[in-house]
Structures are given as structure tokens and as C-alpha cells.
Amino acid sequence: MIAIKNIRNRWFGLPVALKLVAVNAAVFVVLRLVAIVIRFSVDADAADAAVDTVVGTLLLPRTFTDWLHAPWTAVTYMFVQYDPMHLMMNMIWLYLFGTVAVRILSGRNIYGLYFLGGISGAVFYIVANAMAGGVGTLGLTGASASILAIMGASMVLAPGMKLHLVIFGEATLRIVGLIAILLVVIATGEGNYGTHAAHAGGLLAGMGYAYVLRGKTERKRGAQAAPAHREMDTETATPCTDSLDQLLDKIRRSGFNSLTAVERARLIKISSNLQNRQS
């Protein structure tokens with residue numbers, strides 16, 4: 001019981017991005033172990049067919065009719081990477097943008113973005129294949145649409161956030177995101193209309209979520225700040241400093257996690273502006 005409790009405590013103590021990476025990696029390991037058991041149990045030809053069947057129960061079907069017979073695949077596909085290289089590349093991007101996003105959004109929002117991006121990608125995938133007349137991949141797997149949703153939301157909320165990359169040095173989140181999108185497009189290749197559409201669906205879902213979240217927060221903040229603005233002396237006001245003081249005061253009173261996504265993005269933007277002025 002103590003061991004189980006320790007494992008549970010360690011799990012809940014992990015960063016959000018690392019939890020998502022761990023779940024994807026666990027699914028990969030389970031599928032690979034199942035494949036090993038199958039290959040030791042039957043001959044080679046039958047083993048390949050059996051492994052394809054197991055993976056096929058989790059991937060997103062190409063058509064809406066096929067999906068109706070396996071509706072759970074709208075969720076399971078976004079955790080399935082059977083190819084080691086596919087897993088490695090997706091997990092690098094997931095950890096990178098998940099770690100960045102947690103500085104802007106709450107953990108709950110990141111989980112929501114992961115599933116929102118995956119489901120949006122599934123819808124775009126099926127629609128694109130239908131419009132292409134059934135031309136496309138046999139099925140969809142991977143966390144790419146979910147990762148792009150997290151990335152898209154982060155780019156909208158904090159495009160100027162500075163990231164320090166080992167190879168490229170310092171770059172803004174906007175630039176890193178655009179590079180990631182380009183690499184995803186190149187890696188997907190030509191002719192995979194459904195896969196490209198799934199990636200676009202995930203990215204658009206994340207960006208749309210961020211715009212809605214930012215709009216709601218700004219309207220709420222504007223309504224609360226209206227009386228104070230009427231009393232402000234416009235000749236002596238320093239909006240940047242006042243805004244920073246308000247954010248720091250809120251952090252002192254309630255902690256960093258009390259900041260909304262937009263407030264975190266504003267704090268990052270103000271900090272970047274102050275650093276640029278000093279340099």
C-alpha cells in the first residue's frame with residue numbers, strides 16, 4: 001500500500017507535459033509487448049496480420065461509416081505511435097510545447113487542449129478523406145494534432161515569449177512554432193490529405209480556443225477596470241508599470257497559479273519589453 005501511495009504521489013507531482021509523454025510512451029510499450037507475444041505465438045505471416053488488427057482497433061478509421069463502428073478511436077488514436085521514430089519526434093514536441101504552455105495556461109487547460117486538438121483533428125481527417133474521394137492513409141495515429149493545438153494556443157497567447165534552444169539559441173515562441181509547423185508539413189509528405197487536414201484541425205482548434213479565452217478574460221478585466229480608468233490621471237499614468245504592479249501584487253496575495261492565461265501572457269510580454277529596454 002505504501003509503495004502504491006508513493007507511486008501515486010510521484011505521478012501527481014509530475015509536470016503536465018511529462019504526464020502526457022508518459023501516457024503516450026506507455027501505450028507504445030504495451031503495443032510493442034503485445035506484438036512480441038503475438039510473434040512468438042504464431043507464424044510470421046499470421047503475426048503481421050494479428051499485429052495490424054490490434055493496432056487497427058485503436059487508430060482512427062478513414063471514413064465516417066467505419067468510425068461509427070469504432071467511435072472510441074476518436075480518443076485512442078491520439079495516444080498511439082507504433083513506430084519508434086514517430087513516437088520520439090512527437091514526444092519531443094509535446095514536451096517542449098507542453099512545458100512552455102504550462103507557463104501560460106493551467107494544467108487543466110492543457111489537458112483540455114490535448115483532447116480538443118485531437119478530436120478536431122479527427123473531424124478534419126474524416127472530412128478531408130471524404131472530400132478527396134477516399135484517397136489517403138489507411139488510418140490516423142499519433143499525437144500531432146493534439147500537440148499542434150497546445151502549440152497554437154501558446155503562440156496566440158504569448159507569441160513574443162523567448163525560448164532558449166540548444167541548437168538555434170534564443171528565439172520567440174512565434175518563430176519556433178512556425179518552424180515546427182513547417183517540419184510537420186515536410187515530414188507528413190505529399191498526398192496525405194487527411195493527415196495534413198488533421199494537423200490543420202488541431203492547430204486551428206488550439207488557436208481558436210486561445211482567442212476565445214483571451215477575449216473572455218479581456219472583457220472581464222475591462223469591466224472591472226472601467227471605474228479605475230475614469231479616475232486615472234492620464235498625464236501621470238504609466239500603464240505598463242501599473243499593470244506589472246497589479247500582476248505582481250496578485251502573485252504576492254494569491255500565488256502565481258492564480259493568474260489567468262491572459263494575465264500570464266501579459267506578464268511575459270511586459271517582462272520581455274522591459275528586458276528589451278534595458279538591453
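This is a predicted model: local features need pLDDT of at least 70, side-chain atom pairs count only at pLDDT 80 or more; totals for chains, interfaces and linings use all residues.
In which handedness of crossing does α6 pass α8?

**Stop 1: Q81.** Select Q81. This residue is in the loop between α5 (73-76) and α6 (84-101). Is Q81 buried or exposed? Its relative accessibility is 0%, so Q81 counts as buried; the cut-off for buried is under 20%.

**Stop 2: the polar partners of Q81.** Show the side chain of N90 as well. The side chains of Q81 and N90 make a polar contact, at 3.1 Å.

**Stop 3: the surroundings of Q81.** Leave out residues up to four places away in sequence. Q81 then touches N24, F28, H86, L87, N90, M91, G142 and A143. Select these residues together and look around Q81.

**Stop 4: α6 and α8.** Select α6, then helix α8 (residues 144-157). Their axes come within 9 Å and cross at roughly 25 degrees. Angles under 35 degrees count as roughly parallel, so α6 and α8 are roughly parallel to each other. Here is the reply to the opening question: α6 passes α8 in a left-handed crossing.

**Stop 5: where the helices meet.** On α6, select H86, N90, W93, L94, F97, G98 and A101. On α8, select S144, I147, I150, M151 and S154. These residues make the contact. Colour them by type. What is the division between nonpolar, polar and charged? Seven are nonpolar, five are polar and none is charged.

**Last look.** Go back to N90. This residue of α6 is part of the contact with α8, and its side chain makes the polar contact with Q81.

Definitions and conventions
Residues are numbered from 1 along each chain as its sequence is written. Side-chain values use heavy atoms; hydrogens and water are left out. Helices (H or I, at least four residues) and strands (E, at least two) are DSSP runs, numbered from the N terminus. Buried means under 20% relative accessible area, exposed over 50%, partly exposed in between (1.4 Å probe, protein chains only). A polar contact is a pair of N or O atoms within 3.5 Å; within protein, one must be able to donate a hydrogen and the other to accept it, and residues adjacent in sequence count only if both atoms are side-chain atoms. Contact means heavy atoms within 4.5 Å. Axes are lines fitted to C-alpha atoms, for helices over the stretch in contact, and angles run from 0 to 180 degrees between N-to-C directions. Angles under 35 degrees count as roughly parallel, over 145 as roughly antiparallel, 65 to 115 as roughly perpendicular and the rest as oblique. A crossing is left-handed if the near helix is turned anticlockwise from the far one by less than a right angle, and right-handed if clockwise. Ala, Val, Leu, Ile, Met, Phe, Trp, Tyr, Cys and Pro count as nonpolar, Asp, Glu, Lys and Arg as charged, and the others, Gly among them, as polar.
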